[in-house]
Amino acid sequence: MRLKLLLPLVLAAALAGCGNGTASGAGGAAAKSIRIAYQAFPSGDLIVKNKKWLEQALPGYSIQWTKFDSGASINTAFVAKSVDIAAIGSSPVARGLSAPLNIPYQVAFVLDVAGDNEALVARNEAGIAKVEDLRGKKVATPFASTSHYSLLAALSQAKVPESAVTLVDLEPQDILASWTRGDIDAAYTWLPTLKELKKDGKTLISSRQLATAGKPTLDLGVVSTAFVQAHPEAVDAWRKVEARALQLIADNPDEAATAVAAELNLAKDDAKDQLSQGVFLKPTELASAEWLGTPGAPGALAQNLVSAAQFLKQQQKIDAVPDLATVRQAIYNKGLPDVLGS
């Protein structure tokens, strides 16, 4: 989605009265609130929402969940100080930490690593057998999303210049409508829309394959810096319930699928299949050297975000790449790994 610096009227109305970006209300401590941006893709975040685990963990807070269609619109909300915590892809986070946005937020959780749950699919009747065949074709993806980043990476890998393809900026639900009408030849998007496209489409490449080729994408949990500073105990509670959701996906996929199915209006078996296509870390892995790390030993996630920003700069999607030290300061690993325990 576009990086608009002015919120649409609909978004402004939905998030009206949210104050200065910290969890506080007119009634002071008795009216504390947390504004959470979520996305409708299979994840532990949906489990937390469905089971109301955060509400149970923080009875003194009012929890407001607002659905967003992509990371770009979530970045816009952060710029407007209209959200405290969000589920957002690594590519939009790399944009958010870069100029000109320079959003003051912290990466505090890894929700999942993109696998086969994000992919580039071509219409069967479009005569496209491989990525190289996209020259002269119309390809849709939500701009500034992980799928957009992966699409650019796939084109670069195939030595297809972006100028040789007509890229169309559409949200997942609009992709499906355009696909049905025959307005587009291919699309890079995520589940559950991806499953519908595959019914009469061919998968050209998945985010799992691109990760193997050095272009991994992730779904991250981010928190505004103002909120972290004002309410660290609430951030700890949120990290604990997100870790609990990861553990549930690993230990009881049926129960996890039931919760996700309810949020996405899917059959449980469909939700279970879609969850199986993502890569979910174990809670103990979050504090490892590969991911968030610890305060004394920062993880490699910061370098992953810098690499994503470098690629976006090469593609002329951002103005400048933040240095590694700056991005490391935006990784919130305080208390790890102990804070994830019960």
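This is a predicted model: local features need pLDDT of at least 70, side-chain atom pairs count only at pLDDT 80 or more; totals for chains, interfaces and linings use all residues.
Figure 1. D254 forms a salt bridge with K268, and the closest N and O atoms are 3.8 Å apart. D254 sits in helix α12 and K268 in helix α13 (residues 268-276), so this pair links parts 14 residues apart in sequence. K268 is partly exposed, at 35% relative accessibility. A salt bridge also joins the side chains of K272 and D254, at 2.9 Å from N to O. K272 belongs to α13 and D254 to α12, so the pair ties together parts that lie 18 residues apart in sequence. K272 is partly exposed too, with a relative accessible area of 33%.

**Figure 2. The salt bridge between R123 and E125**. Side chains of opposite charge can pair when their charged atoms come close. In the pair of R123 and E125, the closest N and O atoms are 2.2 Å apart. R123 counts as buried, with 10% relative accessibility against a cut-off of under 20%. E125 counts as exposed, with 54% relative accessibility against a cut-off of over 50%. Across the structure there are 13 salt bridges.

**Figure 3. Helix α2 packed on helix α12**. Two packed helices are described by the angle between their axes and the distance between the axes. For α2 (residues 44-51) and α12 (residues 253-264), the angle is about 80° and the axes are 8 Å apart. That angle makes α2 roughly perpendicular to α12, because it falls in the range of 65 to 115 degrees. The α2 side of the contact consists of L46, I47, K49, N50 and K51. These residues meet E255, A256, A259, V260, A262, E263 and L264 in α12. By class, the contact holds 7 nonpolar, 1 polar and 4 charged residues.

**Figure 4. Helix α11 crossing helix α12**. The axes of α11 (residues 232-251) and α12 come within 6 Å. They cross at roughly 120°. This makes α11 oblique to α12. From α11, the contact takes in L248, I249, A250 and D251. Their counterparts in α12 are P253, E255 and A256. Of the residues in this contact, 5 are nonpolar, none is polar and 2 are charged.

**Figure 5. Strand β8, enclosed by the rest of the structure**. In β8 (residues 186-190), 5 of the 5 residues are buried, so the strand is largely enclosed. In a regular strand the side chains alternate between the two faces of the sheet. A186, Y188 and W190 point one way from β8. A187 and T189 point the other way. Residues on both sides are buried.

**Figure 6. The strands paired with β8**. Strand β5 (residues 118-123) pairs with β8 in the antiparallel sense, over 5 bridges. Within this pairing, E118 stands opposite W190 in β8. Strand β6 (residues 138-141) pairs with β8 in the parallel sense, over 2 bridges. Here A140 has A187 of β8 as its bridge partner.

How values were computed:
Residues are numbered from 1 along each chain as its sequence is written. Side-chain values use heavy atoms; hydrogens and water are left out. Axes are lines fitted to C-alpha atoms, for helices over the stretch in contact, and angles run from 0 to 180 degrees between N-to-C directions. Helices (H or I, at least four residues) and strands (E, at least two) are DSSP runs, numbered from the N terminus. Angles under 35 degrees count as roughly parallel, over 145 as roughly antiparallel, 65 to 115 as roughly perpendicular and the rest as oblique. Contact means heavy atoms within 4.5 Å. Ala, Val, Leu, Ile, Met, Phe, Trp, Tyr, Cys and Pro count as nonpolar, Asp, Glu, Lys and Arg as charged, and the others, Gly among them, as polar. A salt bridge is a side-chain nitrogen of Lys or Arg within 4 Å of a carboxyl oxygen of Asp or Glu. Buried means under 20% relative accessible area, exposed over 50%, partly exposed in between (1.4 Å probe, protein chains only). Two strands pair if DSSP finds at least two bridges between them.
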